Amino acid sequence: MIKRILTVLFIAVIVFCSGYKKPDKYVIRAEKDAFYHNNVGLNYLKDRIYYAAIQEFKIAISLSPSTQASAIFYNNLGETYIFIGYPEQARPCFEDAIKLYGLNLQYHKNLVNCYKLLGITNSKIKELRTSNDPLSRIQLGLLYIETGETRKGINTLDEFCMSEPDLLITPAVRQYLRTVVGQ
């Protein structure tokens, strides 16, 4: 009789334990956690806690290193480095943001600003003139405008818009051109 009771209890324990599920707090959801760390970094920026913000952006990047969303994290990290005066560390961040998602005009503008702060605008103009990549023409046009060759910059960006009318970035480039021409 005791043997039968123990067997029934043993079976009951096995049945109840087989339905055990780990709590969600131990599950790593890389994409969701990456956005969380990015948002924490943005909050640190608001509070002017720059080192902590940089670390949070780096965590966000490490959780989701090669996704399109990581372009946002790289851009935020680069903007933080620019803000605290480290353009040499910001440059690879903006370049990585463009590699992951090159259809955001702000990433190109940030990279061109970084080139300006580093004092390498003329060498980048020479380098970009020979490139066949349509997105490098955006940077070339922005560089011309930054160096005071506004007419060349406008023409380069206008040519880009004419040759690439269906790209997602083209409306933003056109809007940027309107603001430059309006000045």
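## Helix α3 against α4

Y50, I54, F57, K58, A60 and I61 of α3 touch F73, Y74, N76, L77, T80, Y81, F83 and I84 of α4. Sorted by class, this contact holds eleven nonpolar residues, two polar and one charged. These contacts belong to a predicted model.

The axes of the two helices, α3 and α4, approach within 9 Å and cross at roughly 160°. Angles over 145 degrees count as roughly antiparallel, and α3 and α4 are therefore roughly antiparallel to each other. Their crossing is left-handed.

## Helix α4 against α5

Helix α4 also packs against α5, at an angle of about 160° and with the axes 8 Å apart. That angle makes α4 roughly antiparallel to α5. The crossing of α4 past α5 is left-handed.

On the α4 side the contact is made by S70, A71, Y74, N75, L77, G78, E79, Y81 and I82, and on the α5 side by P87, Q89, A90, C93, F94, D96, A97 and L100. The residues in the contact of α4 with α5 fall into eleven nonpolar, four polar and two charged.

## Helix α2 against α4

Helix α2 spans residues 30–46 and packs against α4 at an angle of about 20°, with the axes 11 Å apart. Angles under 35 degrees count as roughly parallel, and α2 and α4 are therefore roughly parallel to each other. Helix α2 passes α4 in a left-handed crossing.

From α2, the residues A34, F35, N38, L42 and L45 meet I72, F73, N76 and T80 of α4. This contact of α2 with α4 comprises six nonpolar residues, three polar and no charged.

## The largest nonpolar core

The largest nonpolar core has 39 residues, of which I138, L157 and V173 touch the most other members. Two or more residues come from each of α3 (50–63), α4 (70–84), α5 (87–100), α6 (105–118), α7 (121–129), α8 (134–146), α9 (150–163) and α10 (170–182). The largest share, seven residues, is given by α8.

Setting aside residues up to four places away in sequence, L157 touches R137, I138, G141, L142, I145, V173, Y176 and L177.

N110 lies in helix α6. The cut-off for buried is under 20% relative accessible area, so N110, at 10% relative accessibility, counts as buried. Apart from neighbours within four places in sequence, N110 is in contact with N75, E79 and F94. N75 and E79 are among the α4 residues that meet α5, and F94 is among the α5 residues of that contact. As for distance, the C-alpha atoms of N110 and S163 are separated by 24 Å, with the two residues 53 apart along the chain.

T121 is found in helix α7. With a relative accessible area of 12%, T121 is buried. Leaving out neighbours within four places in sequence, the residues in contact with T121 are Y115, K116, L143 and T147.

Notes. Residues are numbered from 1 along each chain as its sequence is written. This is a predicted model: local features need pLDDT of at least 70, side-chain atom pairs count only at pLDDT 80 or more; totals for chains, interfaces and linings use all residues. Side-chain values use heavy atoms; hydrogens and water are left out. A nonpolar core is a set of buried Ala, Val, Leu, Ile, Met, Phe, Trp, Tyr and Cys residues joined through side-chain atoms within 4.5 Å. Buried means under 20% relative accessible area, exposed over 50%, partly exposed in between (1.4 Å probe, protein chains only). Helices (H or I, at least four residues) and strands (E, at least two) are DSSP runs, numbered from the N terminus. Contact means heavy atoms within 4.5 Å. Axes are lines fitted to C-alpha atoms, for helices over the stretch in contact, and angles run from 0 to 180 degrees between N-to-C directions. Angles under 35 degrees count as roughly parallel, over 145 as roughly antiparallel, 65 to 115 as roughly perpendicular and the rest as oblique. A crossing is left-handed if the near helix is turned anticlockwise from the far one by less than a right angle, and right-handed if clockwise. Ala, Val, Leu, Ile, Met, Phe, Trp, Tyr, Cys and Pro count as nonpolar, Asp, Glu, Lys and Arg as charged, and the others, Gly among them, as polar.
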